[in-house]
Amino acid sequence: ESLQGIVSVQRKRGRHNAVRRKGRRMAQDEILVSADSHVLEDPQLWKQRLPAALRDRAPEFPALKVGGNFQARPGGHNPKFRVGEMAQDGVSAEVLYPSFGLDLFGLTDVALQEACFRVYNDWITEFCAEVPGRLFGIGTLSVYNIDNAIRELERCKLAGLRGVLIWQAPPPELTFIEPHYERLWAAAEEMDMPINMHILTGHPFPFPRNFGPPIAWSAFRSGVNRKLLYVSDCVTDLIATGVVERHPRLKFVLVENEISWLPFVLTQCDKYAARGTFSSPMTLSPSEYFRRNFYATFFNDPPSAWVFAHWGEDNCMWSNDYPHPNSTWPRSREVIERDLGHLSPQTRRKLLADNVCRLYNLPEITPATAEAA
């Protein structure tokens, strides 16, 4: 039976169950917390806020224009507008990641990258403070210099940010198998600060990026195969080399990679680990480490309709990727019903809100309402 056929059956079941329950689970007071939404930074942010000695090297980005550059609505850069736009989508709270700031993981000027990330961390703290209890920021962290990274991690924690973002695809000399990161892992575990890894960050994505016309096949390969390679390397390196064995309370978050590929990869890892043909400090199976130490976000992944019936209810977190062009806004509830409509209320609640709230220690979240805007 084809995967497409399985997904089709699950969709039909979801529609049938939704009718049978008369929309009970899609009530407007159902709490949705997006585990991966974005802000669109002021393009002049770094020109304005970097120390004077670095401003001549400040990254430059195109001017904001509502309707372009990921900016379909004003809430991308204005927190007051954003709450109203969230309410239109039925979203009660959001965990926020950068847009332009993702590109800065491609900087190789270490001092400049560190300074740019400090600027962003101050700015996102201010952004979230405009709407307390609804918006929760993730800091950005340069990890070339681990002493400086730990200091910035501490600063993010004190500022109320809920975790930090590092590159997902490090340079070849600093892969996650290197002891270079060990003190950072220990510090993040001690501070209960999740380490987040977003798609399109790191060595394969230099800054400034070349956005010239792509060759069709190479764009396809990069958009699918290579991105899957980077994130799967990230997971297997952190598991097989003992990072999560040494740090059982450390949490890693795979952001915007979707999730339906994960059960297959973890099953293959379990199979190879069980053979005992390579040396590893693992005392658990790879899938057991994943359940204990990893989370992953999803927002528009139709095969998950099949996956979630069997796997991932405690580790996966719904998101809407707002305000980027492929966001499910303002139809998130339709996509949720398509992919999650067949699930039990308990499983659905975990995926839509409970997991993200537990991971980031969020306060009690109240339902999104027009009045909240």
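User: Which residue in β9 stands opposite Phe298?
Analyst: In this predicted model, Phe298 faces Trp318 in β9.

User: And how many bridges join β8 to β9?
Analyst: Three bridges, with the two strands running parallel.

User: What's on the β7 side of β8, then?
Analyst: Strand β7 (residues 252-255) pairs with β8 (residues 294-298), also over three bridges and in the parallel sense. Phe252 is opposite Phe294 in β8, and Val253 has Tyr295 as its bridge partner.

User: Is β8 mostly covered or mostly open?
Analyst: Mostly covered: five of its five residues are buried. Phe294, Ala296 and Phe298 point one way from the strand, while Tyr295 and Thr297 point the other way.

User: Zooming out, what's the strand order in that sheet?
Analyst: The order is β4-β5-β6-β7-β8-β9, an open sheet of six strands with parallel pairing. The edges are β4 (139-140) and β9 (316-318), each pairing on one side only.

User: Let's do the whole chain. How many helices and strands are there?
Analyst: You have 14 helices and nine strands. Of the 373 residues, 52% are buried. The chain exposes about 16,600 Å², and carbon and sulfur atoms supply 55% of that area.

User: Now the core. Which residues touch the most other members of the largest nonpolar core?
Analyst: Trp46, Trp185 and Phe252, out of 103 residues in that core. Helix α5 (residues 110-129) contributes the largest share, ten residues. As general background, nonpolar side chains tend to be buried together in soluble globular proteins.

User: Who are the neighbours of Trp46?
Analyst: Leaving out residues up to four places away in sequence, Trp46 touches several residues, including Pro59, Phe61, Phe100, Leu104, Cys116, Val119 and Tyr120. Glu41 is also one of its contacts.

User: And what about α7, which of its residues are buried?
Analyst: In helix α7 (residues 182-191), the buried ones are Leu184, Trp185, Ala187, Ala188, Glu189 and Met191. The helix is followed by Asp192, whose phi is positive, near 55°.

User: What does its side chain pair with?
Analyst: The side chain of Arg82 makes a polar contact with the side chain of Glu94, at 2.5 Å. Beyond its neighbours within four places in sequence, Arg82 is also in contact with residues including Ser37, His38, Phe127, Leu135, Tyr322 and Pro323.

User: Last one, Tyr144. Where does it lie?
Analyst: Tyr144 lies in the loop between β4 and α6 (146-159). At 22% relative accessibility, Tyr144 counts as partly exposed.

User: Which backbone oxygen does the side chain of Tyr144 reach?
Analyst: That of Leu107, at 3.4 Å.

User: And how far apart are Tyr144 and Leu174?
Analyst: They are 30 residues apart in sequence and 8.4 Å apart in space, C-alpha to C-alpha. Leu174 is one of the residues Tyr144 touches, and Trp167 and His180 are among the others.

Notes. Residues are numbered from 1 along each chain as its sequence is written. This is a predicted model: local features need pLDDT of at least 70, side-chain atom pairs count only at pLDDT 80 or more; totals for chains, interfaces and linings use all residues. Side-chain values use heavy atoms; hydrogens and water are left out. Helices (H or I, at least four residues) and strands (E, at least two) are DSSP runs, numbered from the N terminus. Buried means under 20% relative accessible area, exposed over 50%, partly exposed in between (1.4 Å probe, protein chains only). Accessible areas come from the Shrake-Rupley method with a 1.4 Å probe; for residues, only the protein chains shown count as cover. Two strands pair if DSSP finds at least two bridges between them. A polar contact is a pair of N or O atoms within 3.5 Å; within protein, one must be able to donate a hydrogen and the other to accept it, and residues adjacent in sequence count only if both atoms are side-chain atoms. Contact means heavy atoms within 4.5 Å. A nonpolar core is a set of buried Ala, Val, Leu, Ile, Met, Phe, Trp, Tyr and Cys residues joined through side-chain atoms within 4.5 Å.
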